[in-house]
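I opened the notebook to look up how the chain is laid out and what sits inside. The model comes next.

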Amino acid sequence: MRDNSYAAVMARRNEIMKRALGLDYGEFELGGLAFDYERMMEKAGYSLEEVRAIQKETNVGDTPLIELKNLTAAARALSEPGKGARIFIKDEAANPSGSFKDRRAAVSCYFAQHHGYKGVVAATSGNYGAAVASQANMRNLKSIIVQELFDSRGIGQPEILEKGRKCEAYGAEVLQLTVGPELFYTFLRVLEETGFFNASLYTPFGIAGIETLGAEIVAQVQARFGRNPDAVVITNAGGGNLTGTARGLIKAGAAETKVIGASVDLSGLHMASDRDFNRKSFTTGHTGFGVPFTTWPDRADVPRNAARPLRYMDRYVTITQGEVFAITEALAALEGLERGPAGNTSLTAAFAIAREMPEDAIIVVQETEYTGAGKHVTAQLTFARENGIEVRRGDPAEQVPGKNIIIPRDPSMIRPKDLSMRDLKASYLRNALKNRPAGSPEALTEVETAFLADEIKETREGLKELLALARGC
Amino acid sequence: MKVPKGSWVQIEQVVLRPEERAPQVPEDTKAVPLKLWVKGTLLEDAFVGETVEIETAIGRRLTGKLVAENPPYIHGFGRPVPELLSVGKEFRELIERSGRR
């Protein structure tokens with residue numbers, strides 16, 4: 001009989017993954033800490049045209065780009081003369097299961113179907129579960145979704161309860177767990193028992209699926225204005241949304257467009273803590289995922305993560321839970337769009353960043369998500385209050401994640417905080433050096449140096465300086 | 001209460017006991033077991049609390065403690081949030097005051 005203890009299953013992870021992904025990541029390794037990212041994306045992923053065709057088969061993509069005229073007017077009311085960019089939003093809620101995640105699921109399910117897998121498994125508490133279940137149905141695959149949902153009292157996050165319900169509505173088997181990183185252990189056991197495909201968010205398929213989103217934004221802005229957008233703001237958690245969108249922008253010829261990541265500030269809350277679990281009102285799009293995955297992508301459930309945000313990110317800002325709730329309310333009240341709230345993280349940042357940009361500039365928010373019971377400002381703030389979180393109007397600067405949620409007293413108080421790109425890059429380098437295989441030569445090889453410079457979007461000079469910072473000299 | 005065979009039910013499994021949990025989890029999490037809930041069709045008549053076998057929505061057979069017969073979805077929209085009710089109006093007043101479009 002197979003040993004199914006935690007340690008034994010984790011020790012088998014590589015062989016389980018290899019079978020569940022149909023991919024040998026070993027062939028992309030370049031020695032030391034380097035691997036050939038572009039070759040992995042090319043060889044294992046699909047071209048933009050192929051992805052478009054795959055997504056068309058299951059009605060994914062081609063979502064509307066909506067100008068938010070009233071929110072733009074509000075941003076201008078708070079700006080110096082001549083400032084206040086036009087804000088646009090890509091209405092990804094129009095995808096079959098209600099979010100951009102359908103783009104990722106579409107490609108994974110296509111691959112699984114064409115490689116003879118009978119079903120797909122995804123470890124997710126987010127919209128991705130519904131996306132996988134929905135796309136699996138269209139491709140005649142079975143689906144299993146593994147969620148982290150309850151604390152040890154059996155109390156579930158309303159947002160995740162809704163996501164679980166939606167997966168069940170699509171006929172998925174939904175495994176709902178209490179808090180803890182051992183979700184990955186359960187996930188591995190399911191993959192081993194079923195022989196299903198690992199529809200990970202972090203494979204080349206999962207990232208290639210989002211490239212169409214970036215490319216559509218360029219095409220839609222070009223068609224209306226004959227030019228590229230100036231900035232695209234992207235909610236950042238695991239890094240895939242940002243990586244895929246940015247790659248799509250570049251492939252569509254908008255390499256100069258600024259790529260801005262945004263996360264909800266949940267600093268101080270421990271993501272694996274049973275006690276902290278229900279003290280947050282955002283279950284994704286927050287710094288608890290965004291920062292660790294940005295500074296070390298290879299912590300994911302695949303040997304090499306295809307989501308590598310520092311390769312593309314120009315700026316990374318955080319905003320508070322209360323600010324996102326206020327903007328979600330404003331989106332409904334001013335624009336007639338009831339969406340989010342979690343997906344409105346990037347919109348909240350864009351509302352404030354538009355104030356810094358000229359009036360004729362174009363800033364694009366690249367997603368919306370469906371809203372519903374549990375996934376709504378009223379549901380999430382009611383739940384927060386029931387869990388002892390103080391909800392009040394005030395200055396967002398006074399927020400303490402897990403203690404209070406401050407709805408800004410005035411729209412002018414919605415201001416993102418910049419994270420230091422220098423610190424993020426140095427932190428990535430520290431992690432890369434720490435994870436360098438044992439027995440590597442003391443000095444970095446030429447291949448490793450080139451790899452690291454690409455990984456953090458720096459010149460050789462910039463890399464040298466940041467390596468010194470990372471090494472603490 | 002006896003639950004008849006063929007009912008849609010929820011079962012509970014203890015995946016890892018506290019002493020089996022991963023070394024890196026924080027103390028509060030390590031103090032409690034990792035539990036799992038899943039729904040399916042009950043394969044034999046049983047009482048709540050008994051160990052039973054179910055067939056899940058995709059046809060897998062799983063074993064666990066019977067905890068509920070067809071549990072309801074309990075999430076809703078909660079209550080309106082007084083702190084948010086005036087946000088739309090405040091944004092509109094801001095636009096009107098500035099006269100900018």
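I began with the domains: the centres of domain 1 of chain A and domain 3 of chain A, taken over C-alpha atoms, are separated by 30 Å. The contact between them takes 5 residues from domain 1 and 9 residues from domain 3, where two residues are in contact if their C-beta atoms, placed from the backbone, lie within 7 Å. I noted the bounds for chain A: domain 1 is 6-54 + 99-202, domain 2 is 57-97 + 205-418 and domain 3 is 426-470. These bounds come from an automatic or database domain assignment.

I wrote down the conventions. This is a predicted model, in which local features need pLDDT of at least 70, side-chain atom pairs count only at pLDDT 80 or more, and totals for chains, interfaces and linings use all residues. Residues are numbered from 1 along each chain as its sequence is written, while chains are lettered from A and ligands numbered from 1 in the order in which they are written.

Next I checked the predictor's scores. The complex has an ipTM of 0.96 and a pTM of 0.96. Chain B averages a pLDDT of 96, with 100% of the residues at 70 or above; pLDDT is the predictor's confidence in each residue, from 0 to 100.

I then looked up the make-up of chain A, which has 18 helices and 15 strands. Helices (H or I, at least four residues) and strands (E, at least two) are DSSP runs, numbered from the N terminus. The C-alpha atoms of chain A fill a box of roughly 65 × 50 × 45 Å, taken along the principal axes.

How many of the 473 residues of chain A count as buried? The share is 60%. Buried means that 20 or more other C-beta atoms lie within 10 Å of the residue's own, exposed means 12 or fewer, and partly exposed is in between, with C-beta atoms placed from the backbone.

My last entry is on helix 11 (residues 240-251) of chain A. Helix 11 has 12 residues and reaches 16 Å from its first C-alpha to its last, close to the 16 Å expected at 1.5 Å a residue; the expected span is 1.5 Å times one less than the number of residues. I found 10 of the 12 residues buried, so helix 11 is largely enclosed by the rest of the structure. Among them are N241(A), L242(A) and R247(A). The buried residues pack against helix 6 (101-114), helix 10, strand 9 (231-235) and strand 10 (258-264) of chain A. Helix 11 is followed by G253(A), whose phi is positive, near 90°.
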